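Please keep the sequence and the structure in view while reading.

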Amino acid sequence: MSDDPDNDFVDLVAEDELWDNEMESFDLGDDEVLLLKVNGEVRAYDGICPHQSISLVEGEFENGVVTCRAHEWQFDALTGAGVNPRDTCLHKHDVRIVDGVIQVRLKSPVQAHP
C-alpha cells in the first residue's frame, strides 16, 4: 500500500447498485470483501467466516444479522461483532462513497481461519 492512505481505496460498485439490506462479495486480489448496506449505511468486512473459511455471501442477511451457511455463526452487520458466538468478530475495512461509487480500503490482508 502507498504512503498516502487516500490512494489505498479501491472502487467496488456504484452506490445505487447496492440496495438496502443487501450483501455482495468482491474479490480484491487474494482478498474477499463482503459489502453490506444496512439502513442506508455501507459496511465492508472480510468476506470469509472466521470459523471455517466459508464465504459469508453464501449465507443469509436478515434483520441486520449476517449468518454463515456452514455452522450458522452470526454477526451484527453494523459492527461486525459476533452475535453467536459473542467472542468473535469480523475484520472491518474502511468504506467511503466518492462521486456515487463505493470504495473500500483493506486494512490488512484477509486471513482464513481453520
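The protein chain has 114 residues, of which 41% count as buried. The model is a predicted one. Its accessible surface comes to about 6500 Å², and carbon and sulfur atoms account for 43% of that surface.

**Confidence**

For the protein chain, the mean pLDDT is 89, and 89% of the residues reach 70 or more. Residues 109–114 have a pLDDT below 50; beyond near neighbours in sequence, this stretch has 15 contacts in the model.

**Overall fold**

Which secondary-structure elements does the protein chain contain, and how many strands are there? The chain has 10 strands and zero helices. Read along the sequence, its pattern is β-β-β-β-β-β-β-β-β-β. Considering contacts between residues at least 6 apart in sequence, 43% join residues at least 24 apart.

S25 is placed in strand 2, which covers residues 22–28. S55, by contrast, lies in a loop, between strand 4 (41–46) and strand 5 (60–62).

Is S55 buried or exposed? Buried means under 20% relative accessible area; S55 counts as buried because its relative accessibility is 12%. The value for S25 is 27%, so S25 is partly exposed.

The side chains of both serines make a polar contact with the side chain of E32, as the table shows.

| Side-chain pair | Polar contact distance |
|---|---|
| S55 and E32 | 2.4 Å |
| S25 and E32 | 2.8 Å |

Further neighbours complete the picture around each serine. Leaving aside residues within four places in sequence, S25 is in contact with E32, V33 and V57. With residues up to four places away likewise not counted, S55 touches E32, G47 and I48. Glutamate E32 is therefore a contact of S25 and also of S55, in keeping with the definition of contact as heavy atoms within 4.5 Å.

S25 can also be compared with L35 in position. The two residues are 10 apart in sequence, while their C-alpha atoms are 6.1 Å apart in space.

**Aromatic rings**

A pair of aromatic rings is described by the distance of the centres and the angle of the planes. In this model the count of aromatic pairs comes to zero. One aromatic ring does have a charged residue over its face: R96 lies over the face of F9, at 3.9 Å from the ring centre.

Conventions
Residues numbered from 1 in each chain as written. Predicted model: local features only at pLDDT ≥ 70, side-chain atom pairs only at ≥ 80, totals over all residues. Heavy atoms only, no water. Phe/Tyr/Trp six-rings, centres within 6.5 Å; stacked < 30°, edge-to-face > 60°. Lys NZ or Arg CZ within 6 Å of the ring centre and 35° of its normal. Helix = DSSP H or I, 4+ residues; strand = E, 2+ residues; numbered from the N terminus. Buried < 20%, exposed > 50% of the residue type's maximum accessible area, 1.4 Å probe, protein only. Polar contact = N/O pair within 3.5 Å; in protein donor to acceptor, adjacent residues only side chain to side chain. pLDDT = per-residue confidence, 0-100. Areas by Shrake-Rupley, 256 points an atom, 1.4 Å probe, with all protein chains shown as cover.
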